[in-house]
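The sequence and structure are shown first.

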Amino acid sequence: MAADRVSAGARAWQRMLSGRRLDLLDPSPLDVEIADIAHGLARVARWNGQTLGEHAFSVAQHCIVVEDLAVRMDPGLEPRWRLAVLLHDAPEYVIGDMISPFKTVLGGDYKAVEERLQRAIHLRFGLPAVLPQKIKKLAKRADLVSAYFEAIELAGFDDKEAGRLFGRPRGFDADAHGRLRLGLEPWPVALAQARFLDRFGELDALLQQAHAK
């Protein structure tokens, strides 16, 4: 385990702009703040920044796209599960967005840290530490659909290669050239951060209303 290899006295926490100190080996939900998440995710680039446009395509924007896609796939999705999908990559505000090939190289330690952070984030916002399989599968499907569109619209992949890697999405209309497109355009950092916070606020309000009934 990664914890076993951390030297005595070595720093394994990160100080956030909120002033919180988040322990990566034993993260507490009490040290998780949505403002820190939004700030971090808006500044983390998908595809290691290898995308078209003046701005990087941020993880914050990706999370919003994935939540939109999940609702498209399941229009009756409850607010708490919509929130869970929005936060599906939230640990990356601490550990960054590591591309899948590098995750494979690192192996289990990376995954263990990511999972501990995800559990703490879920608990902080009133979600189960471990999501139901149905919701995890929905989030993964929406994530792959987003990855397909990001690949062909922003990251230089052709349709065939993106389809092979991520699966060709169904239920989307083709353009005049027979191509599937979402029309993705990377947002500036401040806009991505604000829109992520806005979406979180909308879903959190719906969740609080549901709890009040």
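## Overall architecture

Along its sequence, the protein chain follows the pattern β-β-α-α-α-α-α-α-α-α-α. The secondary structure comes to 9 helices and 2 strands, where helices (H or I, at least four residues) and strands (E, at least two) are DSSP runs numbered from the N terminus. The model is predicted: local features need pLDDT of at least 70, side-chain atom pairs count only at pLDDT 80 or more, and totals for chains, interfaces and linings use all residues. Residues are numbered from 1 along each chain as its sequence is written, and side-chain values use heavy atoms, with hydrogens and water left out.

Of the 213 residues of the protein chain, 43% count as buried; buried means under 20% relative accessible area, exposed over 50%, and partly exposed in between (1.4 Å probe, protein chains only). The chain exposes about 11,400 Å², of which carbon and sulfur atoms supply 52%; accessible areas come from the Shrake-Rupley method with a 1.4 Å probe, and for residues only the protein chains shown count as cover. Among contacts with a separation of 6 or more, residues 24 or more positions apart account for 65%, a contact being heavy atoms within 4.5 Å.

Helix α1 (residues 34-41) is largely enclosed by the rest of the structure, because 6 of its 8 residues are buried. These buried residues are Ile 34, Asp 36, Ile 37, Ala 38, Gly 40 and Leu 41.

The axes of α1 and helix α9 (residues 189-212) come within 8 Å and cross at roughly 140 degrees. Such axes are lines fitted to C-alpha atoms, for helices over the stretch in contact, and angles run from 0 to 180 degrees between N-to-C directions. Ile 34, Ala 35, Ile 37, Ala 38, His 39 and Leu 41 of α1 make the contact with Gln 193, Phe 196, Leu 197 and Phe 200 of α9. The residues of this contact divide into 8 nonpolar, 2 polar and no charged; Ala, Val, Leu, Ile, Met, Phe, Trp, Tyr, Cys and Pro count as nonpolar, Asp, Glu, Lys and Arg as charged, and the others, Gly among them, as polar.

## Further helix pairs

Helix α7 (residues 133-153) and helix α8 (residues 159-166) have axes that come within 9 Å and cross at roughly 160 degrees. The two helices are therefore roughly antiparallel to each other, a term for angles over 145 degrees. Their contact involves Leu 144, Ala 147, Tyr 148, Ala 151 and Ile 152 of α7, together with Asp 159, Ala 162, Gly 163 and Phe 166 of α8. By class, the residues of this contact are 7 nonpolar, 1 polar and 1 charged.

For helix α2 (residues 59-73) and helix α3 (residues 79-86), the axes come within 8 Å and cross at roughly 145 degrees. Cys 63, Ile 64, Val 66, Glu 67, Ala 70 and Val 71 in α2 meet Arg 82, Val 85 and Leu 86 in α3. This contact comprises 7 nonpolar, no polar and 2 charged residues.

## Individual residues

Trp 47 is found in the loop between α1 and α2 and is buried, with a relative accessible area of 18%. Trp 47 has a positive phi of about 60 degrees although it is not a glycine. Asn 48 has its place in the loop between α1 and α2 and has a positive phi of about 55 degrees, although it is not a glycine either. Most residues other than glycine have a negative phi.

Glu 115 is found in helix α6 (residues 108-124) and counts as partly exposed at 40% relative accessibility. Glu 115 and Ala 129 lie 14 residues apart in sequence and 9.5 Å apart in space, C-alpha to C-alpha.

How values were computed
Angles under 35 degrees count as roughly parallel, over 145 as roughly antiparallel, 65 to 115 as roughly perpendicular and the rest as oblique.
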